[in-house]
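Have the viewer open as you read.

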Amino acid sequence: MPVQKRKEDLNILEKLYIPEIVKGMALTLKNMFRPNVTMQYPEVRFEPPSSYRGRPVLVQEKNGTERCVACGLCSRVCPALAIEVQASETELEKERYPQKFEINMLRCIFCGFCEEVCPEEAIVMSKDYELVFKNRKDAIFGKDKLLVQVDNLKDRLEFLRKFK
Amino acid sequence: MPMLTVDGKQIEFKQGQTVIEAARAAGIDIPHFCWHPSLSVSGNCRVCLVEIEKMPKLAISCSTYAMDGMVVYTKSEKTLQARSAVMEFILINHPLDCPICDEAGECKLQEYAYAHGSGESHFEEIKVRKEKRVQLGPNIKFDGDRCIMCSRCIRFSDEIAKQNQLTFIKRGDKVTITTFPGESFDNPYTLNTTDICPVGALTNQDFRFKSRVWEMSKTNSVCVGCSRGCNTEVWVRNNQILRLTPRQNNDVNSYWMCDNGRLNTFKNVNAENRINGTFIRKEGELEKVSWEEALKVAAKSLKDYKSGEIAFIGSAFTTCEDNFALVKFAKSLGVVNIDFVNHTVQGDQDDILIREDKTPNTLGAELSGVRSGSNGLSVEGMMKAIKEGKIKALYVMEDDVASLNEEYEKILSKLELLIVHSANENKTTTLADIVFPASTYAEKNGTFVNFQGRVQRIRPAVATEEMDRALDGMKMSRWDKFGTKFDRWMQGLKYDSKPSWKIFTMLSTYLGGKTKYEMAEDVFIDLTHSVDSFKGLDYDTIGEQGVLLKIKQTVTV
């Protein structure tokens, strides 16, 4: 951006006014032939890159169990105190699992700390940015809404392995 | 006094102290796993290695006696190197499962790995796997992988619990802990091993996976399981007690508490049968009414009886404050029949901690004046008088008198008026005409006097409806500090109950009394003015460790 000039500093061409208008029109004309970047949401949807931090989700393994071991680190690190975890015991080899895992999406600030701190790569930021709820209760996402199949999260998991 | 030098600091010590003890007494902490102040020295973890001048090699400070003129370095280059190497050695076969392990957050190994570990290991071999989830005893699960073989639990069961039940088996890196064949790790003190276990190998079955330690608040309190009065910490999350742990007090319980006290003294606080609000019997059924109405009805019906027709039963389960308020209230009505019930289990006593007397405050109740002696009737006398129709109204505070025996239950049903303070529903409350909800020991301030005559403080750890954690100065976890009423983790149940002294104070105003107690300490100060043994005490002087009372009269317990 050029620095804005004060009126008394304008040179003669600028004072004439018309050349400046022509300049502006030229810019408009140039942009008319550039590719269109506006998306017709919701008919056309934005597919974010893998670095995008959408709503946090839990990774569900192929056998249907959650990767999460309910260690509670995400809940501890969360600066907005959005996450609540209640652990319990299972018969599986990883003896601990989250009986309850709730993220209050009204509190969540999408900082991604939970993903960064997770020792199991069990909570990751997804590409999901469409978050609508009608009341406070609906904004608390339980395991039913949080669990996402590992196949659908390949992009992000690969990104994490590369850059985390 | 002989002196030694630790890190350039001159320290006095007593002859016979080891280097680690002398340093600890002077406030210098030397890292240690297997050493414990009240257990014998085993010297197998090697983490307490220190450099001592004129000694050719590093020495373990836990088994090296301090000597006059000794010069010890706990932070020298050589010491740090050795410590880091020992940490690496201990971590060879220790699994990296802190996210799953319950000990995380209060784990000695975790802390020392941060403080003294090198952060990486030379060992690339596969870790030795051992048995997991072994049920060692009724309350304890053992995880062989996590064990670092410090032998603290073995020495504890040998030396403190005096029951040889645990031992090492196998050799080398396959060493593991087990019970002797056919034995179960079931002595009354087993859960102390979960406290002294420096890793997460021994876990409390009752608390396993319930909560992370950093999510809870902890409040200093006293166990109500027996008249020992072990000092405890009450761990609370979302207004629910999740566990009790012992707190060090060398004059009472050292570092320990019994399993019964740890597991069975807090469950009633969040039990289904808590009495929530005031109840009055209307047409044969107990009905919930407002405090105002209940107090009005209670005051009115007490007025209907002559002072000789009323009797009061106090309680050794509740605090000195509650008992003193009861005595004061009874005396304001002119009642002399005041007594309380002893709950003694003959023979259930050992020379470690457990006492026959299963109430925390027998001495306190007696000193507060709840036993009227020759002037009034004893509990047995009351029952006889009720049977004969001489006593028509009975006021029972926090004791389940009807459950003592079937005859009492029958006798109590003959009463014209039975007013009860209770925290939980029981046989007495089902017979009562008026029920006031009493706060449990975890919900109020107060004092207990244990069997030694030591007065000790309890503090509220769980909030009732009238309390607010922040405003009432209760201990708060991070969740408590930042939660709002819209957060589910803040919506733990709060009961509508009050401490008994408060109920008496409220009731006395309906009877034109002048006792004005604002808080528990007011009652206690009044008690110190009335009873010589308590003279000059207040909550601050009692502090965290309690004060031994000067009791003149010999009390029979």
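First, the ground rules. Residues are numbered from 1 along each chain as its sequence is written, while chains are lettered from A and ligands numbered from 1 in the order in which they are written. This is a predicted model, where local features need pLDDT of at least 70, side-chain atom pairs count only at pLDDT 80 or more, and totals for chains, interfaces and linings use all residues.

On confidence, chain B averages a pLDDT of 93, with 99% of its residues scoring at least 70; pLDDT is the predictor's confidence in each residue, from 0 to 100. For the complex, the predictor gives an ipTM of 0.85 and a pTM of 0.91.

Chain B's C-alpha trace spans about 85 × 50 × 50 Å along its principal axes. Of the 557 residues in chain B, 46% are buried (20 or more other C-beta atoms within 10 Å of a residue's own, with C-beta atoms placed from the backbone). Chain B has 16 helices and 23 strands, taken as DSSP runs numbered from the N terminus (helices H or I, at least four residues; strands E, at least two). Chain B is split into domain 1 (3-90), domain 2 (95-209) and domain 3 (278-461 + 485-548), with bounds from an automatic or database domain assignment. The C-alpha centres of domains 2 and 3 of chain B sit 44 Å apart.

Now for the strands, which count as paired if DSSP finds at least two bridges between them.

| Strand pair | Bridges | One bridge pair |
|---|---|---|
| Chain B, strand 14 (278-282) and strand 15 (285-289) | five | B:Phe279 and B:Lys288 |
| Chain B, strand 14 and strand 20 (434-437) | two | B:Ile280 and B:Ile434 |
| Chain A, strand 3 (96-104) and strand 5 | two | A:Ile103 and A:Phe141 |

Strands 14 and 15 of chain B form a hairpin with two residues between them, and B:Glu283 in the turn has a positive phi of about 50 degrees.

Over in chain A, three strands make an open antiparallel sheet in the order 2-3-5. Strand 2 (83-89) and strand 5 (140-141) of chain A are the edges, each with a single partner strand, so one side of each has no neighbour in the sheet.

Finally, the contact between chains: twelve residues of chain B are in contact with 18 residues of chain A (C-beta atoms, placed from the backbone, within 7 Å). The chain B side that touches chain A has seven nonpolar, no polar and five charged residues. Here Ala, Val, Leu, Ile, Met, Phe, Trp, Tyr, Cys and Pro count as nonpolar, Asp, Glu, Lys and Arg as charged, and the others, Gly among them, as polar.

Key. Contact = placed C-beta atoms within 7 Å. Buried ≥ 20, exposed ≤ 12 C-beta atoms within 10 Å, placed from the backbone.
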